[in-house]
Amino acid sequence: MKIAIIGAGHIGSAIVTCLAQGHLYNEKDIIVSNPNIDKLERLQEHFPAIHITTDNQQAISEAEVIVLAINPWKVDEVLSPLRFSRTQILVSLVSGVCISHLAHLTEAEMPIFRAVPNMAITERSSLTLIASRGTDKEYQQLIKQIFEEGGKCLFLQEKQLDTTSALTSSGIAFALKYMQAVMQAGIELGIPGKDAMQMAAYSMEGATELILNHNTHPLLEIEKVTTPGGTTIKGLNELEHKGFTSSIIQAIKSSATTLIDKEEEDVKIFR
């Protein structure tokens, strides 16, 4: 079974890396297209057996599954000239572009999915959100298998996709921003940057493992390390004094609102 990835940017390259290092596909069954040949050649340096092309139609011609990994403003330009088969499956990673819009552009009555992985898919640690419309369980199982190469999957209704992706996809950036802040504090306190980064990363990994492995609540774990008059409670109170929780909530809501507004525009056009 062949798979084509249209787009070799950050997320497209991450998908290629995930699949090429996984068990579902051989490298030779992966086809990547992109207008920038330099990006393709850099990918091929890491995975010599993958096929590369600057011709999108050539890329999809023999593929059973087509993954669209491009910027939202390029969707019409890229999809409109392509000719698809009803037997092919389209998986769009493009944020804010609804299935109705994609179906209008493909004109093939093909199965269409939207998926929202995050960059941790290269580490097999992504939670990929997936939505579809009018697809049967056989197709759903195949797409699930593909993205489970890079972590976990969660199927949702399409109307939930943009809201929840603010927690998962954008959430990676928010978590990394916290890590960057911890590093800066460590450096100011005289800790070498590389050491501070490791401390921050392992602290986040530890917090994650506590939640995932024990099905507990963050507040319960926080209470275990906050002794009266101790250093941790003083730091936590300072975070709240500076609006830490409120800032995180507003950041996620802002990301979600931007995506929802974009999709609502698409829905109005193709309703």
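Me: Buried means under 20% relative accessible area, exposed over 50%, and partly exposed in between, with a 1.4 Å probe and protein chains only. What share of the protein chain counts as buried?
Reply: Of the 271 residues, 38% fall in the buried class. The model is predicted: local features need pLDDT of at least 70, side-chain atom pairs count only at pLDDT 80 or more, and totals for chains, interfaces and linings use all residues. Residues are numbered from 1 along each chain as its sequence is written, and side-chain values use heavy atoms, with hydrogens and water left out.

Me: How many helices and strands does the protein chain have?
Reply: The secondary structure comes to 11 helices and eight strands. Helices (H or I, at least four residues) and strands (E, at least two) are DSSP runs, numbered from the N terminus. The C-alpha trace spans about 65 × 45 × 30 Å along its principal axes.

Me: What makes E1 and E2 a pair of strands?
Reply: Two strands pair if DSSP finds at least two bridges between them. Four bridges join strand E1 (residues 3-6) to strand E2 (residues 30-33), so the pair qualifies. The two strands run parallel. Ile3 has Ile30 as its bridge partner in E2.

Me: Which way do the side chains of E1 point, and are they buried or exposed?
Reply: Ile3 and Ile5 point one way. Ala4 and Ile6 point the other way. All four are buried.

Me: Which strand pairs does E4 take part in?
Reply: E4 (residues 65-68) is joined to E1 by four bridges, and the two run parallel. Val65 is the E4 partner of Ile3, and Val67 is the E4 partner of Ile5. E4 also pairs with E5 in the parallel sense, over four bridges. Ile89 is the partner of Val65 in E5.

Me: How do you know that both faces of E4 are covered?
Reply: Val65 and Val67 lie on one side, Ile66 and Leu68 on the other, and all are buried.

Me: What makes a set of residues a nonpolar core?
Reply: Its members are buried Ala, Val, Leu, Ile, Met, Phe, Trp, Tyr and Cys residues, joined through side-chain atoms within 4.5 Å. The largest such core has 31 residues. Among those with the most contacts inside it are Ile3, Val65, Val91 and Phe147. Helix H1 gives the most to this core, with six residues. A second, separate core of 23 residues includes Ile60, Ala63, Ile66 and Leu68.

Me: Which residues does Phe147 touch?
Reply: Contact means heavy atoms within 4.5 Å. Leaving out residues up to four places away in sequence, Phe147 touches Ile15, Val91, Leu93, Ala115, Ile121, Thr128, Ile130 and Cys153.

Me: Why are the buried residues of H5 said to be on the same side?
Reply: In helix H5 (residues 99-106), the buried residues are Ile99, His101, Leu102, Leu105 and Thr106. They cover an arc of only 160° around the axis, which puts them on the same side of H5. The arc is that of the directions from the helix axis to the C-beta atoms. Just after H5, Glu107 takes a positive phi of about 55°.

Me: Why is the contact of Lys28 and Asp29 called a salt bridge?
Reply: A salt bridge needs a side-chain nitrogen of Lys or Arg within 4 Å of a carboxyl oxygen of Asp or Glu. The closest N and O atoms of Lys28 and Asp29 are 3.7 Å apart, so the pair meets the definition. Lys28 is partly exposed, at 47% relative accessibility. Asp29 is buried, at 11%.

Me: What makes the pair of Arg114 and Asp162 tie together separate parts of the chain?
Reply: Their side chains meet in a salt bridge, 3.0 Å from N to O. Arg114 lies in strand E6 and Asp162 in helix H7 (residues 158-188), so the bridge ties together parts 48 residues apart in sequence. Both residues are buried.

Me: Where do Lys144 and Glu148 lie?
Reply: Both are in helix H6, four residues apart, about one turn of the helix. Lys144, at 26% relative accessibility, counts as partly exposed. Glu148, at 36%, also counts as partly exposed.
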